[in-house]
Structure formats: structure tokens, C-alpha cells
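User: Let us go through this model step by step. Please give values and cut-offs as you go.

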Amino acid sequence: MANFTRRAIKETFWKLLNQRPLSQITIKDIVEDCGINRNSFYYHFEDLPALVEEIVEEQVQALIQNHPTISSVEECFDAVIELVMENKRAIYHIYNSLSRDVFERYLMDACQYIVSTYLKTEFAGKSIDLQDLDALIRLHKCACFGSVIDWLNGGMKGDIVGYFRRVCTLQKGWLENLGR
């Protein structure tokens with residue numbers, strides 16, 4: 001029963017977050033929609049920020065589990081965008097709340113995992129200095145993270161998928177030249 005209640009709280013929270021900003025959601029809203037009492041909420045979560053953190057962390061963990069390998073730059077960017085686009089409005093509301101730091105931390109973790117997984121696969125068996133590989137991972141992790149943050153700061157306007165596709169087209173061939 002505890003797992004059912006915990007899941008119901010999270011699902012209700014996502015539903016509400018897709019409807020309105022985080023600042024307009026209260027624990028009372030969640031428990032009323034779930035049909036539980038406040039004590040049940042507090043049994044599972046310390047407060048709303050704890051709920052936000054758990055949900056964002058779960059989204060990143062799901063992304064990692066769904067992408068054990070990454071075989072192209074396009075797939076790399078697609079994985080990060082997938083994280084945001086599944087609950088676009090909810091993510092935007094989290095990003096524009098006091099919980100922005102939680103979202104940014106987990107987004108950076110997701111970018112680190114995705115870029116690292118891809119580049120380590122791409123350079124497997126090729127002679128590349130580990131410091132160079134680490135530098136490339138850091139550069140592309142920050143580029144991916146920064147692009148998503150820039151898009152969020154712009155109100156999620158514009159075609160972020162098209163943007164990443166264009167970046168991938170512009171970067172064609174750079175990996176092949178580095179691994180020689």
C-alpha cells in the first residue's frame with residue numbers, strides 16, 4: 001500500500017505540475033487530489049522540494065537505464081531532449097521555481113552520462129589520451145547542458161531538436177579526425 005500511495009502522490013504532482021507552476025501547488029492540493037491525508041504525504045516525503053528532487057532523479061535514472069549505450073551524436077542529444085520533452089510543461093515549471101538547482105544538477109548528471117557513454121564507445125580501441133577524452137567529455141557535456149538551459153531561458157521556444165540536428169551536421173567528421 002505504501003508504494004501505491006507514494007506512486008499516487010508522484011503522479012498527482014506531475015499532473016498538477018503540468019497544469020500550473022510549482023509555486024501554485026500545495027501539499028493540500030496533492031493530498032486532496034490523491035484522496036489521502038497530509039500525514040500520508042509526510043510519511044513519504046519531507047516536503048515539496050524532496051518530492052521534486054525524487055521525481056527529477058527518477059527521470060534521470062530512467063534515461064540512463066533506457067540508454068545503456070549511445071552510438072551517435074544525434075542519439076546523444078536526443079536522449080537529453082527526451083528527458084525534457086516528456087513532461088515539457090512540468091519541467092519548465094520546475095526550472096522556473098526555487099527547485100531550479102535540483103533540475104540543473106540532475107540535467108548536468110544526465111548530460112555527463114550521455115556524452116561520456118557516447119564518447120567512450122566512439123573512442124574504444126582508438127588511441128586517444130585520457131586527458132583529451134576527459135576534455136572532450138567536459139566540453140560536450142557543457143555544450144549540451146548549456147543548449148538546453150539556453151532553450152529553457154528562452155521560454156522553450158524554437159525547435160531544439162532541429163537545433164541539435166544542425167549542430168550534429170556541422171560536427172560531422174570531427175570524431176574521425178581526433179581518433180587518428
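**Cavities, core and salt bridges**

User: How many cavities of 30 Å³ or more does the structure hold?

Analyst: There are 2 cavities of 30 Å³ or more in the structure. A cavity is a set of points on a 1 Å grid over the protein atoms alone where a 1.4 Å probe fits but cannot get out, and lining residues have an atom within 4 Å of a point. The model is predicted, so local features need pLDDT of at least 70 and side-chain atom pairs pLDDT 80 or more, while totals for chains, interfaces and linings use all residues. Residues are numbered from 1 along each chain as its sequence is written, and side-chain values use heavy atoms, without hydrogens and water.

User: What volume does the second largest cavity have?

Analyst: The volume of the second largest cavity is about 40 Å³, taken as the space filled by probe spheres set on grid points joined across faces, edges and corners.

User: Which residues line the second largest cavity?

Analyst: Its lining consists of Val56, Gln59, Val60, Leu83, Ile91, Phe103, Tyr106 and Leu107. Two elements give two or more residues to this lining, namely helix H4 (48–66) and helix H7 (100–122). Helices here are DSSP runs of H or I with at least four residues, numbered from the N terminus.

User: How do the lining residues of that cavity divide into nonpolar, polar and charged?

Analyst: The lining of the second largest cavity has 7 nonpolar residues, 1 polar residue and no charged residue. Ala, Val, Leu, Ile, Met, Phe, Trp, Tyr, Cys and Pro count as nonpolar, Asp, Glu, Lys and Arg as charged, and the others, Gly among them, as polar.

User: On to the core. Which residues of the largest nonpolar core touch the most other members?

Analyst: Phe13, Ile30, Phe41, Leu51 and Leu107 touch the most other members of this core, which has 58 residues. At least two core residues come from each of helix H1 (2–17), helix H2 (27–34), H4, helix H5 (73–85), helix H6 (88–95), H7, helix H8 (130–153) and helix H9 (160–171). H7 provides the largest share of this core, 10 residues. A nonpolar core joins buried Ala, Val, Leu, Ile, Met, Phe, Trp, Tyr and Cys residues through side-chain atoms within 4.5 Å.

User: What is Phe41 in contact with, leaving aside its neighbours within four places in sequence?

Analyst: With those neighbours set aside, Phe41 is in contact (heavy atoms within 4.5 Å) with Ile9, Ile27, Ile30, Val31, Ile36, Asp47, Leu48 and Leu51.

User: And Ser147: buried or exposed?

Analyst: Ser147 is buried, as its relative accessible area is 13%. Buried means under 20% relative accessible area, exposed over 50%, and partly exposed in between, with a 1.4 Å probe and protein chains only. Ser147 belongs to helix H8, and leaving aside neighbours within four places in sequence, it is in contact with Ile160, Tyr163 and Phe164.

User: Changing topic, how many salt bridges does the structure hold?

Analyst: The structure holds 10 salt bridges, each pairing a side-chain nitrogen of Lys or Arg with a carboxyl oxygen of Asp or Glu within 4 Å. One of them joins Lys15 and Asp33, with the closest N and O atoms 2.8 Å apart. Lys15 lies in helix H1 and Asp33 in helix H2, so this pair ties together parts 18 residues apart in sequence. Lys15 is partly exposed at 38% relative accessibility, and Asp33 is partly exposed at 37%.

User: How far apart are the closest N and O atoms of Arg105 and Glu53?

Analyst: In the salt bridge of Arg105 with Glu53, those atoms are 2.6 Å apart. Because Arg105 lies in helix H7 and Glu53 in helix H4, the pair ties together parts that are 52 residues apart in sequence. Arg105 is partly exposed at 38%, as is Glu53 at 28%.

User: What about Lys28 and Glu32?

Analyst: Lys28 forms a salt bridge with Glu32, the closest N and O atoms being 3.9 Å apart. Both residues lie in helix H2, 4 residues apart, about one turn of the helix. Lys28 is partly exposed at 49% relative accessible area, whereas Glu32 is exposed at 53%.

User: Which residues are linked in a network of salt bridges?

Analyst: Arg6, Lys10, Glu54 and Glu58 are linked in such a network.

User: Finally, the backbone. What is phi of Met156 near?

Analyst: Phi of Met156 is near 60°, a positive value in a residue other than glycine. Most residues other than glycine have a negative phi. Met156 lies in the loop between H8 and H9 and is buried, with 7% relative accessibility.

How values were computed
1 Å grid on protein atoms, 1.4 Å probe; cavity = no way out; pocket = protein on both sides within 12 Å on 5 of 7 lines; lining within 4 Å.
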